[in-house]
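Visitor: I would like to learn how to read backbone angles and helices in a model. Could you take me through one?

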Amino acid sequence: MYRGGQQNSTMLPTTSPRSNGALGSRDAARHTAGAKRYKYLRRLLHFRQMDFEFALWQMLYLFTSPQRVYRNFHYRKQTKDQWARDDPAFLVLLSIWLCVSTIGFGLVLDMGILETLKLLLWVVFVDCIGVGLLISTLMCRNFDVEWGYAFDVHLNAFYPLLVILHFLQLFFINHVINVDWFLGYFLGNTLWLIAIGYYLYITFLGYNALPFLKNTVVLLYPFALLGLIYILSVSLGWNFTQGLCWFYKYRVQ
């Protein structure tokens, strides 16, 4: 475990001393992907077994010091022989954030109850889960990592983006951002720059934390394109938030 910034170098054994390096039948079953998935899903039904305090700690440090979050993934690999989370508390809290922020978006855009419900379903199952499944599958194949860990990296990166674009931005949409003037699209596009920048950087940290991966710096290359698009958008008066609001209204009709 971590004490004073140092990691305990002792790794728990994953093999039986009598098996000459081979996993016993119980250990082998316990370490299969199916068994891990079953354990994770089963814990969704037992809130008392979830560590919400630790999940909140992770959410805080994803903004202030995301490297500290990935240190815990290293510790989990040493103690439980898996990189991915085995506690769904983070996913539950993220789901609550999705619900609250989407309801807030519905109120700001003056949507009805049915329209807000449609928007919520779209944001959860398309924007978060659907996009996450696609990105995680592609990253898993390209980098040869646990699929569950790739999805965790997506959720880690998605959380700051969600808070910035679906919560903080709400306070400025109607009276600042969606008004036709320079400050409006400058503020809105700057929030998009920060949000997507967080997503790219936290994604990079997630794969860079894996000691067997090389050349993960390529995950930072999209920052050049992101910066270029931001400069063009401010220069030409593009307003990404206005486009998002229009798209949200269009897809719930």
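Guide: Gladly! This is a predicted model. Let us begin with Asn-215, which is exposed, with a relative accessible area of 62%.

Visitor: What is the phi of Asn-215 near?

Guide: The general idea comes before the case. Most residues other than glycine have a negative phi. Asn-215 has a positive phi, near 60°, and lies in the loop between α9 (182-208) and α10 (222-236).

Visitor: How should I read α5 itself, and what span does it reach?

Guide: Helix α5 covers residues 89-108 and reaches 29 Å from its first C-alpha to its last, close to the 28 Å expected.

Visitor: Which residues of α5 are buried?

Guide: Here is the idea to keep in mind. An α-helix has 3.6 residues a turn, so residues three or four places apart point the same way. In α5 the buried residues include Phe-90, Leu-94, Leu-98, Ser-101 and Phe-105. Among the elements covering the buried residues of α5 are α3 (52-64), α6 (113-143) and α11 (240-251).

Visitor: And the cysteines: are Cys-128 and Cys-245 buried or exposed?

Guide: Cys-128 is buried, at a relative accessible area of 3%, and Cys-245 is buried too, at 5%. The structure holds 0 disulfides.

How values were computed
Residues are numbered from 1 along each chain as its sequence is written. This is a predicted model: local features need pLDDT of at least 70, side-chain atom pairs count only at pLDDT 80 or more; totals for chains, interfaces and linings use all residues. Side-chain values use heavy atoms; hydrogens and water are left out. Helices (H or I, at least four residues) and strands (E, at least two) are DSSP runs, numbered from the N terminus. The expected span of a helix is 1.5 Å times one less than its number of residues. Buried means under 20% relative accessible area, exposed over 50%, partly exposed in between (1.4 Å probe, protein chains only). Contact means heavy atoms within 4.5 Å. A disulfide is a pair of cysteine sulfur atoms within 2.5 Å.
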